[in-house]
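Good morning, and thank you for making time for this item. I would ask you to look at the sequence and the structure together as I speak.

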Amino acid sequence: DTQKAGQVGLRGDKNIIYYKINNKFWYFLFLLGSQLGDEAFSAFFFSFWFWNLDASVGRRLVLVWNIVMYIGQGLKDIIRWPRPSMPPVVQLEQKWSLEYGMPSTHAMIGLAVPTAAVMFTLAKYEYPQVVGVCIVSTWCILVCCSRMYLGMHSLADILAGLVLSALLLVWVLPLVHYGDSFLICSPLAPAVTVSLSVLAVWFYPGSDRWTPARGDTTAALGCYLGVQLGQWLNFQLGILQHSASNPPYLIQSPNMQEGGLMLLRVFIGGLVAILTRAVVKPLTYQTACYILNTDKDTLSQQEHHISNKKKLAADLFYKFLTWMTVCFTVTFLSPLVFRLVGCDREGFYTELTF
C-alpha cells in the first residue's frame, strides 16, 4: 500500500524518504481512523454531545477521556520506548514522531471513549446493545489499525494501550458515573477539581527530552476543568435542573428543522470557541511572560528543550488557561448564546438524572 521510492539523503538524524501511496482507499480510511484520536476531532465530538445530544453524558465522557489520556501520556514519558524507526516503516504523521510510543494513547482513547459513550447511554436510552458493540468495535479497530498503517506504533504499543485502557475502565467508569453528582452539585467541587488539575500539571512525569506530550496533556486537563466549571456554574445558578421524567428514554431521529438547528448550534458554538481562543491565547501567554519576567520575543527564539524552563512554563500556562476558558464557553456561554438567538436545544438544562 505504501511503496518507498528510495532513501535520498541524511540530514542530522532524520531520514528523508520518498514514498508513493498505491492504495488511496486504505490510506484515507486509516487517515480518518487516526483523526478519531486527534485533538480536532475530540473538540468537535465532545462539543457536539453538549450542544446537540446529552450534556450529562458529555461531561462524563470528557472526564473519562481526561483520566485515560493523562495516564497514557505520563506512561509514555516514564517508559520512553521509541516509535518504530523510519526506515523500515514510513511515518506518515510526522507531528507525533517526537513523542514516545509505548503505550499508544490513540489505542487507549479509541477503546475508552466509545466504550464509555455506550455504557453511559445504555443506562439512559433505549437502543439495541448490538449497535453499541458495533460502534465500539468499529471505532477501536479503525483507530488501532490506522496507527500501524501510518507507521506511528508497533503492535506491542497497540496491545499495551488496549490492555491498559481496559483495566482503567474497570474503575474509571464507576468513579466517573457516581462522582458526577458531587462534581455538579457540591460547593466544594471547583476547589477539588482546580487543585487536582494544577497538581496533575505540576507532577506530570518528567522526560529526558522535550516532547509535545506534556503540553497536550496540560491542554486536556484544562479542557476538563473548563467543562466541569461551566456545568457546575449552570447548576449553582439554578439554570440546570433535574429531569422531569426518569430514564430510559427513547431515541428519536431529528427532522429537517431540528437538523438545521443542530448545524446552526455547531456553527455558532464553534465561532464562539474560535473567538475565545483568539483572544485568550495571546493574553495568557503575555501574562505568563510577565510572571516569568521575560518577553514573548525572547521565548520565541528559544527552541523547545527541557533546559528552557521559562519557555516550558509559559507554554503550559497558556495552554491550560486557554483551553479551560474555551471549554467553559462550550458548556456555559454558548448555550446561553443559543437561547438568545433562539436555536437552543430543548432539554439542555433539564438533563440531570442522578
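Predicted model: local features only at pLDDT ≥ 70, side-chain atom pairs only at ≥ 80, totals over all residues.

The protein chain contains eleven helices and four strands. Its radius of gyration is 21 Å, close to the 20 Å that the globule rule gives for 354 residues, so the chain is as compact as a globular protein of that length. Along the principal axes, the C-alpha atoms fill a box of roughly 65 × 55 × 35 Å. Of the 354 residues, 47% count as buried. If we take the contacts between residues at least 6 apart in sequence, 77% of them join residues at least 24 apart.

Let me turn to helix 6, which covers residues 155–185.

Which residues of helix 6 are buried? Among them are Ile158, Gly161, Ser165, Leu168, Leu169, Val172, Leu173 and Val176. Asp157 and Asp180 are also on that list, as are Leu183 and Ile184. As a general point, an α-helix has 3.6 residues a turn, so residues three or four places apart point the same way. The partners of the buried residues in helix 6 are helix 3 (55–79), helix 4 (105–122), helix 5 (129–149), helix 7 (189–202) and helix 8 (213–236).

Leaving aside residues up to four places away in sequence, Thr105 touches Gly72, Gln73 and Lys76. With Lys76 there is also a polar contact, side chain to side chain, at 3.2 Å.

Finally, the cysteines. How many disulfides does the model contain? The count comes to zero. Cys134 is in no disulfide, and the nearest cysteine sulfur, that of Cys140, is 14 Å away. Cys134 counts as partly exposed, at 43% relative accessibility. For Cys145, the closest cysteine sulfur is in Cys144, at 6.9 Å, which is too far for a bond; the cut-off is 2.5 Å. Cys145 likewise counts as partly exposed, with a relative accessibility of 30%.

Thank you for your attention.

Methods. Residues numbered from 1 in each chain as written. Heavy atoms only, no water. Helix = DSSP H or I, 4+ residues; strand = E, 2+ residues; numbered from the N terminus. Expected span 1.5 Å × (residues − 1). Buried < 20%, exposed > 50% of the residue type's maximum accessible area, 1.4 Å probe, protein only. Contact = heavy atoms within 4.5 Å. Polar contact = N/O pair within 3.5 Å; in protein donor to acceptor, adjacent residues only side chain to side chain. Rg over C-alpha atoms; globule rule 2.2 N^0.38 Å.
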